[in-house]
Amino acid sequence: MEPANRAFDGHTVAVPGGRMLEAPGRPALVRSAAVLLLKALNVAALLLLVLIFAMPFVWMLSTSLKTLPETMIFPPEWIPRNPVWSNYASAWQTGPFLHYITNSAVISVSILLLQMLTIIPAAYAFARYRFVGSGFLFSLVMVTLMIPTQLIFLPVYLELSAFKLLNTHLGLILPFASSAFGIFLLRQAFRQIPEELVEASRLDQAKEWKIIIRIMVPMVKPVLVTFALFSFIAHWNDYFWPLVMTTNETARTLPIGIAKIREVEGGGTWNILMAGNVILVAPILAAFFLAQKHIIKAFVYNGVK
Amino acid sequence: MTVWERLRPYSMVAPAIIVFAMFFIYPIFYMMYLSLFDWNFVSPTKTFVGIQNFVDLLSEPDFRQVLSNTTLYTVLTVTLTTGLSLFMAIWLNRSGFFYGLVQGAIFSPHIISLVSISLLWSWLMDPEYGLLNWVIGLFGFGKLEWLSHPSTSLISLVIVAVWKGLGYNTLVFIAGLQSIPQDIYEAASLDRSRPWTTFTRLILPMLSPTIFFLVIINLIGSFQVFETIAIMTQGGPVNSTNTLVYYIYEAGFRFFKIGYASAAGVILLFIVGILTIVYFRLLSSRVHYR
């Protein structure tokens, strides 16, 4: 389309002979009514979609503030008249929750720090140096990328048991001290930095590690931030690994504690169970509302590249 | 080049490679080795039994049901998630506050712990007082047993998996759609091609790398489903939701049949391995990739 046609307020103007020139009259009226109806239907469908995804969370919150008999009343009361805040206290008292939360924080943060220490140099070396065996070593990273933890938990359990690392924080941290996914992402990012930049700083006689820390790492900061979000959320939420690698409370994390409420309180006490569930979900949902764009980017766009 | 300059790259990759070798690569071989033995974890001796574990596994009706459960769960979850999310991506691929809100809402389950999601849906699907039975009751349907009946338990788990995965898949598709150059759409509309033709001839081929990416990660993810089963059904009722990883977990940690569990692990490794190879083959040959 020629620029001359993009006149006035920036909208496309009808091209002579084009489809946009319509004779005014009844058919146009019918058409605009149909368009309006379609728009209304679209909005209704969008609202329904939001409802399908938001309602379970609202229901969780609502249940967590009810008495047990109130959870069995239908049609349900969405906002309980007398919110029972003590459900949260009851949930909290089913186990050492402060201990669980501390464990979760210590383990997720340690994993993240160790990953940063191991993936930055590795990704930089794979992106920037040529060395004998780099192809083989990188294919090792790619193989690791495809191995899910659900596949290897049994042999790793035996391994950790041989090292006397079961029921320790270290046993939950060390297997994730590096990340194949992180190396893969960062290597791409390091590769996109122009070679001239590195050469220029080399001419300044700067030491190689100084170049990496002062120049290269700041340039890949967005990728590091998205990876950090991804890693932290994944390990904060993880249930599988702490479940299979612990047999007592020493190193157990928050998701295990929440899942255990049911054993302590019995099956039907949904109000207390949902209160515990809110404790687990609320921080992540709050973070999601605050940094929605970054979090979505961390999970979605990294997966596509 | 000094010696240090030669060694530097190795020293930089070493920490990561050591972690991978110790906790990912070596365990794979160790698991293969263990699958050839009969061992209960406590006894000091392992008895070599060759492929007997595999023979026993494959002739055990329970394990065959585990395989068919896992396959059915995977096929249903992957088809529903991928198909629905492609449709939703085309629908929701618009900017603006409201669409942003909808995209955020459907994505939110993806970052929530599977523990929370499993507990929440156990409550929603409660046969007596669950919200779902009340909602379908409003439309005149009778109460369903959901997780408590063998005929509906597996499909209930599929519903939860689709609910969790839909938003992520949709947003990946939207990212894929947005990476298609705009002039291609314009060319298509100038050619006055019908929307369906534009979709099948232009959009689908351009999206094929995204589709393959999603199908493969959904396949691998579904084959190793564990959390929802451990929390919502424990493999029941009557083995109707027992899947591979849960089976391995029970064989290893409840019955201490390490060799047996390892053999089941090798079968899972085999499946995941084939899927991975197929993925890279397709990626390098058939798929349009920029």
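A salt bridge here is a side-chain nitrogen of Lys or Arg within 4 Å of a carboxyl oxygen of Asp or Glu. By this rule, four salt bridges turn up over all chains. The model is predicted, so local features need pLDDT of at least 70 and side-chain atom pairs count only at pLDDT 80 or more, while totals for chains, interfaces and linings use all residues; side-chain values use heavy atoms, with hydrogens and water left out. Residues are numbered from 1 along each chain as its sequence is written, and chains are lettered from A, ligands numbered from 1, in the order in which they are written.

**View 1. Chain B as a whole.** Chain B comes to twelve helices and two strands (DSSP runs numbered from the N terminus: helices are H or I with at least four residues, strands E with at least two). Starting at the N terminus, the elements run α-β-β-α-α-α-α-α-α-α-α-α-α-α. The C-alpha trace of chain B spans about 75 × 75 × 30 Å along its principal axes.

**View 2. Where chain B meets chain A.** Here 83 residues of chain B are in contact with 91 residues of chain A (contact means heavy atoms within 4.5 Å). About 8000 Å² is buried between the two chains, and carbon and sulfur atoms give 80% of that (buried area is the accessible area, with a 1.4 Å probe, that two parts lose on being put together, summed over both). Look for B:Phe23, B:Ile111 and B:Trp123: they supply 10% of the area that chain B buries against chain A, more than any other three residues.

**View 3. What the chain B side is made of.** How many salt bridges does the rule find across the interface of chain B and chain A? It finds zero. Helix α1 (residues 3-34) of chain B gives the most to the side that touches chain A, with 20 residues.

**View 4. Two helices crossing in chain A.** The axes of helix α3 (residues 97-128) and helix α9 (residues 208-219) of chain A come within 12 Å and cross at roughly 95° (axes are lines fitted to C-alpha atoms, for helices over the stretch in contact, and angles run from 0 to 180 degrees between N-to-C directions). That makes α3(A) roughly perpendicular to α9(A), a label for angles of 65 to 115 degrees. A:Ile120, A:Tyr124 and A:Arg128 of α3(A) touch A:Glu208, A:Ile212, A:Met216 and A:Val217 of α9(A).

**View 5. A salt bridge in chain A.** A:Glu195 pairs up with A:Arg128 in a salt bridge, the closest N and O atoms being 2.6 Å apart. This pair links distant parts of the chain, 67 residues apart: A:Glu195 sits in helix α8 (residues 195-203) and A:Arg128 in helix α3 of chain A.

How values were computed: Parallel < 35°, antiparallel > 145°, perpendicular 65-115°, else oblique.
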